[in-house]
Amino acid sequence: MESRSQHFKNFTPTKETLVTSKLMRRSLLLSLVLVGFTGLVPQGASAGTDCTDGYMLCINEAAGKYDDWGRQHFDIIDDLAYAECAAGYVGCVRRKLLGF
Amino acid sequence: MRLSIAILFLGLSSCADTVDRPKPKVVTGLAEGAAPARCEAVAPAFEIPASLDQMAASPDSVLALLYADAGVIQIADHALRPVRSYSLAETGPEAVANPRDVTFGAGGRLAVLDGALHRLVHLTGNGDIADYTTLQFVPDRFARAANGYYIFPVKPPTHTTGLAYFLADSLDDPVRLPLEAADVPNPQIYSLANLMVPLVRGRELLAAHQFVVPIMHVVRMTVAGARVRRVDIPIAAELADRAWWTPEPPFEETELQDMLVPVVDMVAGRAGEPVLLVRTGRRRDGHYEKGLMRLTDTLEFRDAFLLEGDPAYIAYLAAKDVYVAASTEGEFWRCTLPS
């Protein structure tokens, strides 16, 4: 299976994915600053924070891609990068909420 | 602390323009007026490989149970006896790397959504990939219609990815449907609040927000395109103050438990009426009590029935006129409701 970063590199942008909103750009850029570039990685996970920790680690991993290829193509991949991380987060939270 | 600050900034950075928060449609005394559903616990005659992530029923009343962490789809009959099991490959050309939903497609073929490889996959009887459609979004849920699939992505807070798509059998690419996403400020909660629970009912699609937003989209496909209207989902009066509520960042994950879950799951009942698995508004043993709520043809509250345990999924087996409820942890109940 291709890795997440490999998947981004293989992803062929369409006209639709090239059009990203200022909102998404702002939030992910800020997360890059806070998470990726300052090394703001949560230390350890607990049952009370594991979904959030996983999300932050995912964002951090995505941010790492911007050092080379990703930074130049940020407008193309940010929507998908966010959705990849959000998918893990909402799946984790959904499982907790539905069983409660 | 650093984590909390990061989440706070993420929340503030989203800055939603407006938040449409109409008053919810409430049912007073939902739990008090509900009779217990006639249920019996059923022990499955197969080994539970992991937490249950989805459950679907075929038209001929066979169940497909998705255990995503184990990469297993268990097919079982109405008595929870194993029919067969699919082991999904994690890597390689036959990979279904992150199965998020399962349903039965045309001709009873098993269809799976792969969230990692962004694909809708049809499996052969041997569990190999028969064919697949690549999607330009991360798919989360889907539902089979007469001539295609309604697909619901994990929705980022942008306009580039829609809330719902329709993939016709005759086409290679899904068509975006004009469903309006709920506007929720925090980007993490935004995606959560725009997770959908779909139900195809005749020529209509019902797409209910699973969390936060007590709204259901009713979609009817016409030759002129999709016609969409929004309908309030009835919720227990005790939960009214939870409607549209989200925790203020920074928040702990335990605070998310008190968000509204307007629809835990949804199926069509004996006459095609929507039957919703819901929280009744009461707590039992520290958990929210669950119930089945039936709606009328006009999507108004009809009646409700109390359930045991903490079911997270519901399926209706038409050939047996029985509902199967399942918890994430492997408990199953067979239930019947009066006409």
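**Notes on the model**

1. Pro250(B) is placed in the loop between E20 and E21 of chain B, where strands (E, at least two residues) and helices (H or I, at least four) are DSSP runs numbered from the N terminus. A cis peptide bond, with omega about 0°, links Pro249(B) to Pro250(B). Most peptide bonds are trans, and most residues other than glycine have a negative phi.

2. On conventions, this is a predicted model, in which local features need pLDDT of at least 70 and side-chain atom pairs count only at pLDDT 80 or more, while totals for chains, interfaces and linings use all residues. Residues are numbered from 1 along each chain as its sequence is written, and chains are lettered from A and ligands numbered from 1 in the order in which they are written.

3. The loop between E20 and E21 of chain B also holds Trp244(B), which has a positive phi of about 70° although it is not a glycine. Trp244(B) counts as buried because it has 21 C-beta neighbours inside 10 Å; the classes are buried for 20 or more other C-beta atoms within 10 Å of a residue's own, exposed for 12 or fewer, and partly exposed in between, with C-beta atoms placed from the backbone.

4. Trp245(B) is found in the loop between strand E20 (235-236) and strand E21 (265-268) of chain B, and it is partly exposed, with 13 other C-beta atoms within 10 Å. Leaving aside residues up to four places away in sequence, Trp245(B) touches Met259(B) and Leu260(B), contact being defined by C-beta atoms, placed from the backbone, that lie within 7 Å.

5. The pairing of E21(B) with strand E22 (residues 274-284) of chain B is antiparallel over four bridges, two strands being paired if DSSP finds at least two bridges between them. Ala268(B) stands opposite Pro274(B) in E22(B).

6. A further positive phi in a residue other than glycine, near 65°, belongs to Ser61(B). Ser61(B) lies in the loop between strand E4 (54-57) and strand E5 (63-67) of chain B, and it is partly exposed, with 17 other C-beta atoms within 10 Å.

7. Which strands make up the open sheet that contains E25, and in what order? The order is E3-E27-E26-E25 (chain B), with antiparallel pairing. Strand E3 (38-42) and strand E25 (313-317) of chain B stand at the edges with a single partner strand each, so one side of each is left without a neighbour in the sheet. The twist averages 25° from one strand to the next, with axes fitted as lines to C-alpha atoms and angles running from 0 to 180 degrees between N-to-C directions. Five bridges join E25(B) to the antiparallel strand E26 (residues 322-326) of chain B, and Ile314(B) faces Ala325(B) in E26(B).

8. Another open sheet of four strands has the order E12-E13-E14-E15 (chain B), and its pairing is antiparallel. Its edge strands are strand E12 (139-145) and strand E15 (175-176) of chain B, each pairing on one side only. Six bridges hold the antiparallel pairing of E12(B) with strand E13 (residues 148-153) of chain B, and Tyr150(B) in E13(B) is the bridge partner of Ala143(B).

9. Of the 121 residues in the largest nonpolar core, Ala207(B), Val212(B) and Ala315(B) touch the most other members; such a core is a set of buried Ala, Val, Leu, Ile, Met, Phe, Trp, Tyr and Cys residues joined through C-beta atoms within 7 Å. Its largest share, twelve residues, comes from helix H6 (residues 74-98) of chain A. Not counting residues up to four places away in sequence, Ala207(B) has contacts that include Phe152(B), Leu179(B) and Met216(B).

10. As to the whole chain, the secondary structure of chain B comes to two helices and 27 strands. Of its 339 residues, 47% count as buried, and the C-alpha trace spans about 50 × 50 × 45 Å along its principal axes.

Definitions and conventions. Two residues are in contact if their C-beta atoms, placed from the backbone, lie within 7 Å.
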